[in-house]
Amino acid sequence: TCLDQDGKLDGFYMEQGKLYYAYAEPEYYQMEDGQLKAKYPNYFTYRYSNSHDLSGYRYRKNLCGNQLTWELTDGVLRISGSGAVWNYPEESPWWEERNTIRAILIDKGVTRIGKRAFSGCTALTSVSIPEGVTEISSSGFSFCSGLKYLQLPRSLAEIGNSAFASCNNLKEVYYAGNTALQTAVKIGTRNDALTRAAITNNSTF
């Protein structure tokens, strides 16, 4: 494992018999007993078992899940790949640019929106969650104050606490399921902005 000229962590390291790749700003790692330790491992590491073939691996600093990458171009944030978007204990990788994000495009292979993943994207006006996503974790879209239109998939089973907290401009929710959203999906607390919106079943936009 190495530190680049700006003090950023960039490289591989071993911990408890597993090989990790990590990339992070200095505030997300620490030294303990002479060893480099990740403060939030799931935030910025990509894990491999010892038997994994690393011969073709290239450093990828745009990970947002074990098999997911992100790219932000001209206000469009694209999440590509498959699996769950990581939980973020503090700031997501695109946090500093959150107010410029006008659209979020999520691949159909995504299965979960992690905690605080898209929190604070104030310029976002609409978002479509694709089929295959089963959970929107707590604070996933909190404080997206410009959000007006939301598409939710039939596959959705749970919406975490405060997932849509302070999304006070949310007007219309299109739910692909046939039954009422509140019946089909477990909705956590502090999601009043979601439940107050006009919800249309068996519909998309």
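## Basis of the model

Because this is a predicted model, local features are given at pLDDT of at least 70 and side-chain atom pairs at pLDDT 80 or more, while totals for chains, interfaces and linings use all residues. Residues are numbered from 1 along each chain as its sequence is written, and side-chain values use heavy atoms, with hydrogens and water left out.

## The chain as a whole

The chain contains three helices and 18 strands, where helices (H or I, at least four residues) and strands (E, at least two) are DSSP runs numbered from the N terminus. Of the 205 residues in the chain, 42% are buried, a term that means under 20% relative accessible area, with exposed being over 50% and partly exposed in between (1.4 Å probe, protein chains only).

The accessible surface of the chain is about 10500 Å², and carbon and sulfur atoms hold 44% of that surface; such areas come from the Shrake-Rupley method with a 1.4 Å probe, and for residues only the protein chains shown count as cover. Among the contacts in the chain with a separation of 6 or more, 46% join residues 24 or more positions apart, contact meaning heavy atoms within 4.5 Å.

An open sheet is built from four strands in the order 12-14-16-18, with parallel pairing; two strands count as paired if DSSP finds at least two bridges between them. Strand 12 (126–128) and strand 18 (198–201) each have a single partner strand, so one side of each is left without a neighbour in the sheet. On average, neighbouring strands of this sheet are turned by 15 degrees against each other, direction ignored, with axes being lines fitted to C-alpha atoms (for helices over the stretch in contact) and angles running from 0 to 180 degrees between N-to-C directions.

Three bridges link strand 12 with strand 14 (residues 149–152) in the parallel sense, and Ser126 stands opposite Tyr149 in strand 14.

Another open sheet of four strands has the order 6-7-8-10 and mixed pairing. Its edge strands, strand 6 (63–65) and strand 10 (103–106), pair on one side only, and the twist from one strand to the next averages 25 degrees.

Strand 8 (residues 76–81) and strand 10 run parallel and are joined by four bridges; Leu77 has Ile104 in strand 10 as its bridge partner.

## A buried loop residue

Ser162 lies in the loop between strand 15 (158–159) and strand 16 (172–175), and Ser162 counts as buried because its relative accessibility is 11%. Leaving aside neighbours within four places in sequence, Ser162 is in contact with Ser139, Ser142, Thr189, Arg190 and Asn191.
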